[in-house]
Amino acid sequence: MIDQPVRVAVLVSGGGTNLQSLLDALHDSPIARVTRVLSNRPDAGALERARRAGVPTTVLRDPGDPAELQAALGDAQLVVLAGYLKLVHASIVARFRGRMINIHPALLPEFGGPGMYGHRVHEAVLASGATESGATVHFVDEEFDRGAIIAQEKVPVEPGDTPDTLAARVLKAEHRLLPKVVLDLARRIV
Ligand code: GRF
């Protein structure tokens with residue numbers, strides 16, 4: 001039985017629709033709660049979503065500084081990278097081993113790695129001729145998009161798809177998958 005919801009910190013760089021899916025799914029959950037949102041960009045739309053939900057935010061001055069990141073993570077028990085584009089320092093990865101996850105908009109291990117974010121991912125999927133894409137949630141390790149895969153949700157690639165139409169379909173899958181995985185992990189942590 002969980003006494004207090006697991007404290008979840010979410011790291012963001014962009015618009016934050018995945019953050020929103022967590023805020024919506026967890027706001028009254030006894031299992032897990034978004035307790036802080038950290039961004040490397042002061043203009044990230046995700047920050048506004050956090051403020052609207054009453055969740056404390058931090059803008060990192062130097063995302064490469066492990067001491068700053070560690071302090072900003074505070075008492076978080078689980079860390080979610082939701083559209084966060086910076087590599088996390090190895091010392092922070094070590095502190096949160098098995099408790100830090102990332103969401104990626106393709107079926108890893110394909111279409112991931114340095115520079116593979118945003119539309120580039122969907123362009124690469126379309127160029128490959130793949131008939132499926134999807135969302136992947138994986139543990140964070142010292143490399144981009146390489147940690148152990150926790151869960152995936154597949155979507156079809158439709159004839160005539162553009163990077164935009166495929167991105168929109170994958171994003172819906174992301175919004176279903178991420179809260180599910182966070183709740184599953186939170187149940188196991190406590
Ligand atoms: C998502 O596709 C996520 O998988 C990727 O960046 C995008 C962020 O979208 N890492 P949002 O900021 O959550 O709307």
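Colleague: What volume does the largest pocket have?

Modeller: In this predicted model, the largest pocket has a volume of about 730 Å³.

Colleague: And how many residues line the largest pocket, and which lie nearest its centre?

Modeller: The lining is made up of 34 residues, and those nearest the centre of the pocket are Gly83, Leu85, Pro105, Tyr117 and Gly118. By class, the lining divides into 15 nonpolar, 14 polar and five charged residues. As for secondary structure, helix 1, strand 5, helix 5 (119–128) and helix 6 each supply at least two residues of that lining.

Colleague: OK, where does the ligand sit?

Modeller: The ligand sits in this largest pocket, and the residues around the ligand are Gly14, Gly15, Gly16, Thr17, Asn18, Gly83, Ile103, His104, Pro105, Leu171 and Glu174.

Colleague: Which helices and strands each supply at least two residues of that shell?

Modeller: Those are helix 1 (17–26), strand 5 (100–104) and helix 6 (163–189). Sorted by class, the shell around the ligand has three nonpolar residues, seven polar ones and one that is charged.

Colleague: Which atom of Thr17 lies 2.6 Å from the ligand?

Modeller: For Thr17 it is a polar side-chain atom, which lies 2.6 Å from an oxygen atom of the ligand. Asn18, by contrast, uses a polar backbone atom, placed 2.8 Å from an oxygen atom of the ligand. A nitrogen atom of the ligand is also involved, with a backbone N or O atom of Ile103 at 3.2 Å from that nitrogen.

Colleague: How much of the ligand's accessible area does the protein cover?

Modeller: On its own the ligand has 360 Å² of accessible area, and the protein covers 81% of that.

Colleague: Changing topic to the backbone: which residues does the cis peptide bond join?

Modeller: The cis bond joins Leu108 and Pro109, with omega at about 15°, and Pro109 has its place in the loop between strand 5 and helix 5.

Colleague: And what is the phi of Phe111?

Modeller: Phe111 has a positive phi, about 60°, although this residue is not a glycine. Phe111, too, is found in the loop between strand 5 and helix 5.

Colleague: Why pick out those two features?

Modeller: They are worth a look because most residues other than glycine have a negative phi, and most peptide bonds are trans.

Methods: Residues are numbered from 1 along each chain as its sequence is written. This is a predicted model: local features need pLDDT of at least 70, side-chain atom pairs count only at pLDDT 80 or more; totals for chains, interfaces and linings use all residues. Side-chain values use heavy atoms; hydrogens and water are left out. A residue is near a molecule or strand if one of its heavy atoms lies within 4 Å of it. A polar contact is a pair of N or O atoms within 3.5 Å; within protein, one must be able to donate a hydrogen and the other to accept it, and residues adjacent in sequence count only if both atoms are side-chain atoms. Accessible areas come from the Shrake-Rupley method with a 1.4 Å probe; for residues, only the protein chains shown count as cover. On a 1 Å grid over the protein atoms alone, a cavity is a set of points where a 1.4 Å probe fits but cannot get out, and a pocket is an open set with protein on both sides within 12 Å along at least five of seven lines; lining residues have an atom within 4 Å of a point. A molecule sits in a cavity or pocket if more than half of its atoms lie within 2 Å of its grid points. Helices (H or I, at least four residues) and strands (E, at least two) are DSSP runs, numbered from the N terminus. Ala, Val, Leu, Ile, Met, Phe, Trp, Tyr, Cys and Pro count as nonpolar, Asp, Glu, Lys and Arg as charged, and the others, Gly among them, as polar. Grid points are joined across faces, edges and corners, and a volume is the space filled by probe spheres set on the points.
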